[in-house]
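Trainee: I would like to learn how to read a model like this one, step by step. Could we take one feature at a time, with the general idea before the case?

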Amino acid sequence: ARHPQCLFLKGRALPYGAQPYALFSSLLQDYLGRQGEDKRAVLERKLDELESPLPQEKRRALQEARPILGYLLGIKYEDPRLQYLDPQGLQQEIQLALRDFLGVIIGPPAAAPVILLEDLHWADAASVRLLHFLRENLETPVPLLILATYREYYLTEGEEMVLERLDRSACEALAQAISQGKELADSALRLGVERADGNPLFLE
């Protein structure tokens, strides 16, 4: 469960030739939530709520970011930047839009902001460039914790924690916990544990 005073955002990279910026598209979708409402209406409402208490300069920056954030979410906006910019120009607009957006939502009243990026080893090149840009240029009023999970990846900054493989009993206990009380057939449990080979992410 998420603590109401903790801003927690999760993005996940996708394998097999995912669209550019897929890591951050999923993070934005996590911010919107799984609502049945029209995606554009949800985005507009949430950005309206964010903008209302902001000073004019930040409000203008967030307004300019709307079509770019919508682009990452697959929402169509009539904006000349999306029609006429070359890939490098669009990349710059996306970087600035994410910087301005995250700079607004990270901070009081939310405490202890955390961004979880899963399966970084699958991240597309555009997402990786954006991540490095944010690391260098994102300014937040409170410390931000970024956690990333990956199998093998070129990590050049930050702290790395290597997780050892789980033994068989730990795998079985985790599988039982994931099943949420549903009875697992012995053959299915054995097959799942063997295929996971001690990796809890595979077991899930």
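Mentor: Let us begin with burial, where a residue counts as buried under 20% relative accessible area, as exposed over 50% and as partly exposed in between, with a 1.4 Å probe and protein chains only. By that reading, buried residues make up 38% of the 204 residues in the protein.

Trainee: What should I know about the origin of the model and its numbering?

Mentor: This is a predicted model, in which local features need pLDDT of at least 70 and side-chain atom pairs count only at pLDDT 80 or more, while totals for chains, interfaces and linings use all residues. Residues are numbered from 1 along each chain as its sequence is written, and side-chain values use heavy atoms, with hydrogens and water left out.

Trainee: How many helices and strands are there, and in what order do the elements run?

Mentor: Helices (H or I, at least four residues) and strands (E, at least two) are DSSP runs, numbered from the N terminus. The protein has 9 helices and 3 strands, and from the N terminus on its elements run β-α-α-α-α-α-β-α-β-α-α-α.

Trainee: What does the accessible surface of the protein come to?

Mentor: Accessible areas come from the Shrake-Rupley method with a 1.4 Å probe, and for residues only the protein chains shown count as cover. For the protein the accessible surface comes to about 13,100 Å², of which 52% belongs to carbon and sulfur atoms.

Trainee: At what angle do helix 1 and helix 2 pack?

Mentor: Axes are lines fitted to C-alpha atoms, for helices over the stretch in contact, and the angles run from 0 to 180 degrees between N-to-C directions. Angles under 35 degrees count as roughly parallel, over 145 as roughly antiparallel, 65 to 115 as roughly perpendicular and the rest as oblique. Helix 1 (residues 22-32) and helix 2 (residues 39-51) pack at about 75°, with their axes 10 Å apart, and they are therefore roughly perpendicular to each other.

Trainee: Which residues of helix 1 and helix 2 meet?

Mentor: Contact means heavy atoms within 4.5 Å, and on that basis Gln29, Tyr31 and Leu32 in helix 1 meet Lys39, Val42, Leu43, Lys46 and Leu50 in helix 2. For classes, Ala, Val, Leu, Ile, Met, Phe, Trp, Tyr, Cys and Pro count as nonpolar, Asp, Glu, Lys and Arg as charged, and the others, Gly among them, as polar. The contact of helix 1 with helix 2 has 5 nonpolar, 1 polar and 2 charged residues.

Trainee: How do helix 1 and helix 6 cross?

Mentor: The axes of helix 1 and helix 6 (residues 125-137) come within 7 Å and cross at roughly 70°, so these two helices are roughly perpendicular to each other. Here Ala22, Leu23 and Phe24 in helix 1 meet Ser127, Leu130, Leu131 and Leu134 in helix 6. By class, this contact of helix 1 with helix 6 has 6 nonpolar, 1 polar and no charged residues.

Trainee: How far does helix 5 reach, and which of its residues are buried?

Mentor: The expected span of a helix is 1.5 Å times one less than its number of residues. Helix 5 (residues 87-105) has 19 residues and reaches 27 Å from its first C-alpha to its last, close to the 27 Å expected. Its buried residues include Leu90, Gln91, Ile94, Gln95 and Leu98. Gln95 counts as buried at 11% relative accessibility, and, leaving aside neighbours within four places in sequence, Gln95 is in contact with Arg129, Leu130, Phe133 and Leu134.

Trainee: Which residues should I look at for a positive phi?

Mentor: Most residues other than glycine have a negative phi. Tyr21, although not a glycine, has a positive phi of about 70°; it is found in the loop between strand 1 and helix 1 and is buried, with a relative accessible area of 8%. Asp119 also is not a glycine and has a positive phi of about 60°; it is found in the loop between strand 2 (111-118) and helix 6 and counts as buried at 13% relative accessibility.

Trainee: Where does Leu14 lie, and what does it touch?

Mentor: Leu14 lies in the loop between strand 1 and helix 1 and is partly exposed, with a relative accessible area of 44%. Not counting residues up to four places away in sequence, Leu14 touches Ala22 and Trp122. Leu14 and Asp119 are 105 residues apart in sequence and 7.6 Å apart in space, C-alpha to C-alpha.
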